[in-house]
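Walk through this model from its overall make-up to single side chains. Keep the sequence and the coordinates side by side as you read.

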Amino acid sequence: MIGSLPHAAVAQTAFFDQPTDTIALTGNTTLGDAYTIEAYVYATATTAASEGRIYAEQLDAQEDKALAANGGGTIGVVWNNNCDASRASGNPLSLGSWHHVAFMRVAGTYNLFIDGVRVDQRPATCAGRNTAGSRMSVGAFRYIFGNDLHESFIGYMDWVRISSIARYAQGGFSTPTAEPLVDANTLVLLTFNDPAGTTTPVVQGSGLLSATVASGFAGATSPQFGTGPCDSIDFNNDGSSFDPTDIDAFLSVFSEGPCIPAAATCNDVDFNNDGSLFDPCDIDSFLLVFSEGPCTLCGV
């Protein structure tokens, strides 16, 4: 079984909860015979295996680059018109856990990884085509040639990156959980450290110019920024994470007692943000994240 990764307790995210949630990107990527398309995500719902778009770039039937992952399946695609069937597909993601997903080309192979474990490998015989008029997006994507909508990944995204190199070993690797920094090989990087209500998320990388939410097709909607599936484990907001006083404070407030210490300001006890207060699942979630485990959502 593919294991879940530790939740980055203080990381901001983008929450895609509608199939039409999207961020339109302006720019272009140029991919050769080595590249990596990857993301760190937390799925909250199962969608069709061919849907669940995390990233897409496409122009008519000429160019198609995509990474899709959800509870139905995982797919990486870089397609060159009239060339090879350049995709790899693999396991669905388990819900309610953080996962690193990567689609990577190394010379003659396409490789798909979940949490550093290779789940598919296919031969690669053609380079991905790069066209100046292509469209890019994170989340839902309107396929230009067929004029149909590919639905968004449903869940939380911590970061998305496209690189002009193969970042990892083909045989498997220790997966990154920290947000990556931009470097000379970064074509696209979004880390979603944006305030709630933003309409123009910060973008980095040589292949990107700008980003706009809820844009690119009729009915497009915006993801929510600035929240993760679980709150910070600095429950009493004293600036210290992984601090036993946060456990004392959480259990005290959960029992309808005072915040600890008395001068502190504690968060609410809906730690996993499922809308249910004084729910034992929040205790489980808090203790798991405090132990560097996954956030747990009730009912998932």
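Helices (H or I, at least four residues) and strands (E, at least two) are DSSP runs, numbered from the N terminus. By that count the protein has two helices and 17 strands. The model is predicted: local features need pLDDT of at least 70, side-chain atom pairs count only at pLDDT 80 or more, and totals for chains, interfaces and linings use all residues. Residues are numbered from 1 along each chain as its sequence is written, and side-chain values use heavy atoms, with hydrogens and water left out.

Confidence comes next. pLDDT is the predictor's confidence in each residue, from 0 to 100. Its average over the protein is 84, and 87% of the residues score at least 70. Among the elements, strand 15 (residues 186-190) has the highest mean pLDDT, 97. Strand 7 (residues 87-90) has the lowest, 80. Over residues 1-10 the pLDDT is below 50. In the model this stretch still has 39 contacts (heavy atoms within 4.5 Å) beyond near neighbours in sequence. Where pLDDT is low, the predicted coordinates should not be read in detail.

Now the chain as a whole. Of the contacts with a separation of 6 or more, 66% join residues 24 or more positions apart. Buried residues make up 52% of the 300 residues. Buried means under 20% relative accessible area, exposed over 50%, partly exposed in between (1.4 Å probe, protein chains only).

In soluble globular proteins, nonpolar side chains tend to be buried together. A nonpolar core here is a set of buried Ala, Val, Leu, Ile, Met, Phe, Trp, Tyr and Cys residues joined through side-chain atoms within 4.5 Å. The largest core has 38 residues. Ile 23, Leu 25, Ile 54, Phe 103, Met 157 and Phe 192 touch the most other members. Strand 3 (residues 34-43) gives the most to this core, with five residues. A second, separate core has twelve residues, including Phe 235, Phe 250, Phe 254 and Phe 286.

Leaving aside residues up to four places away in sequence, Phe 192 touches Gln 12, Thr 13, Ala 14, Ile 23, Val 138, Met 157, Asp 158, Trp 159, Val 160 and Phe 225.

Which residues do ring pairs link into a cluster? They are Phe 235, Phe 250, Phe 254, Phe 271, Phe 278, Phe 286 and Phe 290. Rings of Phe, Tyr and Trp (its six-membered ring) pair if their centres lie within 6.5 Å; planes under 30 degrees apart count as stacked, over 60 as edge-to-face and the rest as tilted. The count comes to 18 aromatic pairs. One of them, Tyr 168 with Phe 173, is stacked, at 4.0 Å centre to centre and 10 degrees between the planes. Tyr 168 is buried at 15% relative accessibility. Phe 173 is also buried, at 15%.

Turn to the charges. Side chains of opposite charge can pair when their charged atoms come close. A salt bridge is a side-chain nitrogen of Lys or Arg within 4 Å of a carboxyl oxygen of Asp or Glu. There are five salt bridges. Arg 167 and Asp 183 meet in one, at 2.9 Å, N to O. Both lie in the loop between strand 14 (155-163) and strand 15, so the pair ties together parts that are 16 residues apart in sequence. Arg 167 is partly exposed at 22%, and Asp 183 is partly exposed at 33%. Salt bridges that share partners join Glu 57, Glu 63 and Lys 65 into one network. Within it, the closest N and O atoms of Glu 57 and Lys 65 are 4.0 Å apart. Glu 57 is buried at 0% relative accessibility, and Lys 65 is buried at 1%. Asp 120 and Arg 122 also form a salt bridge, at 2.9 Å. Asp 120 is buried at 14%, whereas Arg 122 is partly exposed at 31%.

Asp 234 sits in the loop between strand 17 (224-225) and helix 1 (244-254). Asp 234 is buried yet has no salt bridge. Lys and Arg count as positive and Asp and Glu as negative; His and the chain ends are not counted. The nearest side chain of opposite charge, Arg 161, is 27 Å away. Beyond residues up to four places away in sequence, Asp 234 touches Gly 239, Ser 240, Ser 241, Asp 246 and Asn 267.
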